[in-house]
Amino acid sequence: MRQTVELVSNQGTTADQEMDTSPLAIRGLTVTYGEKPAVFSVDMTVEPGKMTAIIGPNGAGKSTLLKAALGIVPPVSGRVQVFGRPLEAMRARIAYVPQRASIDWDFPTRVIDVVMMGLYRELGLLGRIRGHHRTVARDCLDRVGMGDFADRQIGQLSGGQQQRVFLARALAQDADLYLLDEPFAGVDAATEKAIITVLKSLRAAGKSVVVVHHDLATVADYFDNVFLINTRKVAEGPVAEAFTPETLQAAYGGRLATAQIDQLAVVQG
Ligand code: ADP
Ligand code: MG
C-alpha cells in the first residue's frame with residue numbers, strides 16, 4: 001500500500017518536470033463552441049526537438065487544440081505552458097501556420113510582405129523595415145524554394161506555393177516551437193517534399209515541430225511522435241508505440257476500414 005502511494009507521488013514529480021521542459025504542455029484542456037465540447041479534458045506533452053503529428057478524423061478537435069494552445073480560442077478549462085512558462089510570456093517563441101483554407105487573399109499583398117509579417121515582433125509596429133529585414137525575408141523564401149516569387153501577389157499563387165510562403169513567414173519568426181495545421185493538404189508532391197525537408201532541418205536545429213496531419217501513410221516516415229485525438233486524447237507517444245492498429249481504431253472507429261489499418265501496420269513495419 002505504502003509503495004503504491006510512493007509510486008503515485010513519483011509520477012507526479014515526473015509529470016511536473018516534463019511540464020517545465022516541454023515546448024508545449026497542456027493539462028485538462030476543454031474547449032466548447034456551443035453545447036458540445038470540441039476538445040475534452042486533454043493532456044498533451046510535446047517532446048522537445050522532435051516532430052509530432054496530431055492525428056484524428058474530421059471534426060476531432062485537431063485545429064481547435066492548436067488554436068487553444070495559441071490562445072486564439074478561449075478554453076473552458078485547462079492550462080497551457082510553453083517551455084515551462086505561461087503562454088503570454090512565450091508567444092514570440094511560437095510560429096503558427098494556420099490551415100490554408102482559413103485565409104482569405106482578396107486583399108492584395110506581395111509575397112515578400114507576407115514573409116515580412118513574420119518579423120513584426122522584431123520590428124515593432126512603428127519599426128522601420130531595413131535592408132537586413134528584406135534579406136532575412138528573402139533568405140526564408142529561398143529556403144522554401146520561392147525566392148523568385150518575392151514580388152508576386154500572394155493571391156495569384158497556387159495553393160502549394162501559398163503554403164510555402166506561409167512556411168517562409170514562420171521561418172522568419174525564428175521561433176523554437178512550430179505549429180502547423182495540415183500544411184500538406186492539397187499541395188503538389190514537390191511542395192510536400194520542400195515542406196518536409198524544411199521541417200526536418202528545423203528539427204535538426206533543435207526546434208520542436210507539431211503538425212496536424214491527415215495522411216496516415218506518411219506518419220511513420222515523417223514523424224517521431226504522434227498524438228491521436230477524437231475530442232478526447234486517444235494515444236500519445238513514439239510512432240512505434242502510439243500509432244498502432246488499436247489506437248487508430250480507437251481514434252477513427254468505423255470511419256477507417258480495417259483493410260486500411262492493416263495496410264498501415266505493414267507500412268509501419
Ligand atoms: P478538426 O481540425 O479535427 O477537423 P476542429 O477543431 O476544426 O476539428 O473542429 C472540432 C469541432 O468543433 C467540430 O465539430 C467543428 O464543427 C466544431 N467547430 C470548429 N470551429 C468552430 C467554430 N468556430 N464554431 C462552432 N463550431 C466549431
Ligand atoms: Mg482542422
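The chain averages a pLDDT of 88, and 85% of the residues score at least 70. Residues 1-10 are an exception to read with care: pLDDT stays under 50 over this stretch, and the model gives it zero contacts beyond four places in sequence. Where pLDDT is low, the predicted coordinates should not be read in detail.

The chain contains 12 helices and 10 strands. Of its 269 residues, 46% are buried. Among contacts between residues at least 6 apart in sequence, 67% join residues at least 24 apart. The accessible surface of the chain is about 13,300 Å², and carbon and sulfur atoms account for 51% of that area.

The next subject is ligand 1. Its surroundings consist of Tyr 33, Ala 38, Pro 57, Asn 58, Gly 59, Ala 60, Gly 61, Lys 62, Ser 63 and Thr 64. By class, this shell divides into four nonpolar residues, five polar ones and one charged one. Helix α2, which spans residues 62-69, supplies the largest share of the shell, with three residues.

A polar atom in the side chain of Lys 62 lies 2.8 Å from an oxygen atom of the ligand. For Thr 64, an N or O atom of the side chain is 2.5 Å from an oxygen atom of ligand 1. Gly 59 takes part through its backbone, with an N or O atom 2.8 Å from a ligand oxygen atom. Taken on its own, ligand 1 has 560 Å² of accessible area, and the protein covers 55% of it.

The last stop is Asn 225, which is placed in strand β9 (residues 225-230). Is Asn 225 buried or exposed? Asn 225 counts as buried because its relative accessible area is 7%, and the cut-off for buried is under 20%. The residues that Asn 225 touches, leaving out those up to four places away in sequence, are Glu 47, Lys 50, Met 51, Thr 52, Ala 53, Gly 237, Pro 238 and Val 239. With one of these, Glu 47, Asn 225 makes a polar contact, side chain to side chain, at 2.8 Å.

Key. Residues numbered from 1 in each chain as written. Chains lettered and ligands numbered in written order. Predicted model: local features only at pLDDT ≥ 70, side-chain atom pairs only at ≥ 80, totals over all residues. Heavy atoms only, no water. Near = heavy atom within 4 Å. Polar contact = N/O pair within 3.5 Å; in protein donor to acceptor, adjacent residues only side chain to side chain. Areas by Shrake-Rupley, 256 points an atom, 1.4 Å probe, with all protein chains shown as cover. Helix = DSSP H or I, 4+ residues; strand = E, 2+ residues; numbered from the N terminus. Nonpolar A, V, L, I, M, F, W, Y, C, P; charged D, E, K, R; others polar. Buried < 20%, exposed > 50% of the residue type's maximum accessible area, 1.4 Å probe, protein only. Contact = heavy atoms within 4.5 Å. pLDDT = per-residue confidence, 0-100.
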